[in-house]
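Hello,

Here is the structure I promised to pass on. Have a look at it first, and then read my notes below.

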Amino acid sequence: MKSKSVVLAVLLLNIVVGFGQKSAIWNDFVSAKNSGKEAVLPDFSYAGYKFSEEAIPRVNYKVFNVTDFGAIPNDKVSDKIAIKKAIKAAEENGEGIIYFPKGRYLINTSKDDQSLIIVKSSKIVFRGEEEKNTVLFFDKDLPPADPEKLWTCPSAIQVQSVNKNVYITKVVADASRETRSIKVEDASKVKIGDWLVIQVLNNDKDLVSEDLGTLKPDKEWTSILEQGVKVNEVHQVASINGNKIQFASSIHYKIRAKHNWEVYSFAHVEHIGFENITFEGNWTKKFIHHRSAQDDGGWSILKISKAVNSWIKDCTFRNVNNAASFSHSAASTALNVTIEGNLGHSAIHASRSTNILIANCNDVSGMHHSFGVDGNSSGTVIWKSKYASHTSFESHASQPRCTLLDNVEGGFFQGRAGGARFNLPNHGKHLVLWNFKEIDEPEEGFRFVANDTWYWRIVPPIIVGFHGAGTTFKKDEVEVLESLGKPVNPESLFEEQLKLRLGKLPDWITVKNEEGK
């Protein structure tokens with residue numbers, strides 16, 4: 001018997017839904033929610049700060065003005081030591097705003113060492129006076145940790161947790177995807193509000209086959225074939241009943257206990273913010289991919305690791321190689337972020353993270369890899385964002401899954417996904433393109449399995465309301481193809497799923513939509 005997904009795909013191929021009519025696959029999602037059945041679409045509504053249920057706050061922590069620690073804007077002397085002193089004072093206080101009055105602050109000058117600016121505690125917010133008037137200027141690039149590995153240039157500012165994840169228990173019962181409960185062997189060490197990692201690494205042939213669907217693996221895909229399917233989802237505990245744990249957000253991967261799923265504590269920081277700041281690098285060369293460590297990462301600016309309920313808001317990244325990433329993090333948001341200036345390597349991406357929201361962001365530079373995902377990220381939403389026509393979204397292999405590009409506008413073509421051959425495919429199941437507007441040249445019979453290179457392999461995605469340039473798709477490489485050439489209703493899958501879950505849209509989205517009119 002064919003799976004529900006396959007049957008639905010057959011039914012939806014070549015359907016044309018006029019603008020303003022409800023999407024058929026959306027109707028399937030609503031019906032499944034009402035009946036408790038498994039929908040074809042994932043539930044993306046949990047992406048973002050506090051699961052997008054409330055606005056990113058304007059916190060009122062104690063202010064630590066960097067000028068009080070020796071920083072002098074608009075001179076020719078490095079301010080890195082002063083910034084580090086302000087962070088240390090805020091962390092000792094238990095919370096704090098690292099405040100930058102308007103001006104230009106120098107970091108990584110020729111007289112600086114190559115140390116990083118590191119945040120290791122919760123409730124630390126970098127805040128500028130105004131986005132365009134507070135500039136952190138990174139003068140010199142940081143060299144790679146390993147000169148033989150071009151990708152090892154560190155980010156100049158890093159958020160980290162000093163603690164490590166600790167094994168708690170194992171999962172003892174199956175759980176369907178897009179449900180919220182797991183049954184474990186022993187939940188006695190788990191408390192409401194805890195953040196947990198549920199993970200598996202298993203190369204069972206049936207599991208690998210199911211994970212890849214109709215995508216046929218090459219023998220060179222050693223990561224998934226030999227090491228196995230790797231899933232690491234981070235969720236917060238909502239309730240506990242005996243050895244049954246209820247999460248606040250949906251699990252995106254089907255759990256089979258026989259594959260040895262484990263539960264770990266998630267060591268993290270929270271409420272880390274970066275707002276109203278321009279981060280400016282000194283990258284002025286013509287970018288050439290993999291030419292040098294400097295091209296690939298010399299001016300890598302911000303890496304937020306092992307964080308929850310954190311954000312980048314109202315910021316600009318200019319003349320950088322890598323703007324920002326959320327790594328091993330969860331329930332965090334990049335909102336109203338612009339990448340401009342000289343073209344570099346990477347814009348903003350979710351790496352090995354769960355439920356990250358990249359919202360209303362604009363990659364004006366058109367970075368070689370624009371907004372996207374890598375690692376075993378899951379539940380990422382790229383919403384109402386734009387990038388230039390000469391680039392495309394990123395899907396950088398190492399088993400990312402369950403990604404939504406919702407009302408995204410930009411180029412669409414092969415060759416910019418990224419990733420090593422042994423880490424393919426570029427993207428696993430449940431890549432969803434919803435009302436995507438293509439602005440480059442059209443292609444006929446676009447392929448998600450390239451026939452002229454080992455590169456570019458994506459498990460058949462779900463494509464709904466794809467429009468703009470007139471591109472068509474090779475239908476046997478798409479799971480669902482609905483309303484090709486015409487946008488569908490609902491206009492935004494993320495918004496409509498959030499509205500369905502909460503009963504109404506939260507105020508921050510309503511305000512954002514009004515501002516956009």
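Helix 2 spans residues 24-35, and its twelve residues reach 16 Å from the first C-alpha to the last, close to the 16 Å expected at 1.5 Å a residue (that is, 1.5 Å times one less than the number of residues; helices are DSSP runs of H or I with at least four residues, numbered from the N terminus). Buried residues in helix 2 are Ile25, Trp26, Asp28, Phe29 and Ala32 (buried means under 20% relative accessible area, with a 1.4 Å probe and protein chains only). They cover an arc of only 155° around the axis, so they are on the same side of helix 2 (the arc is taken from the directions from the helix axis to the C-beta atoms). After helix 2 comes Gly36, with a positive phi near 75°.

Before you go on: this is a predicted model, in which local features need pLDDT of at least 70 and side-chain atom pairs pLDDT 80 or more, while totals for chains, interfaces and linings use all residues. Residues are numbered from 1 along each chain as its sequence is written, and side-chain values use heavy atoms, without hydrogens and water.

Now the rings. The whole structure holds 29 aromatic pairs (Phe, Tyr or six-membered Trp rings with centres within 6.5 Å; planes under 30 degrees apart are stacked, over 60 edge-to-face, the rest tilted). Tyr46 and Phe51 have ring centres 6.2 Å apart and planes at 85°, so this pair is edge-to-face. Both Tyr46 and Phe51 are buried.

Best wishes

Conventions
Buried < 20%, exposed > 50% of the residue type's maximum accessible area, 1.4 Å probe, protein only. Helix = DSSP H or I, 4+ residues; strand = E, 2+ residues; numbered from the N terminus.
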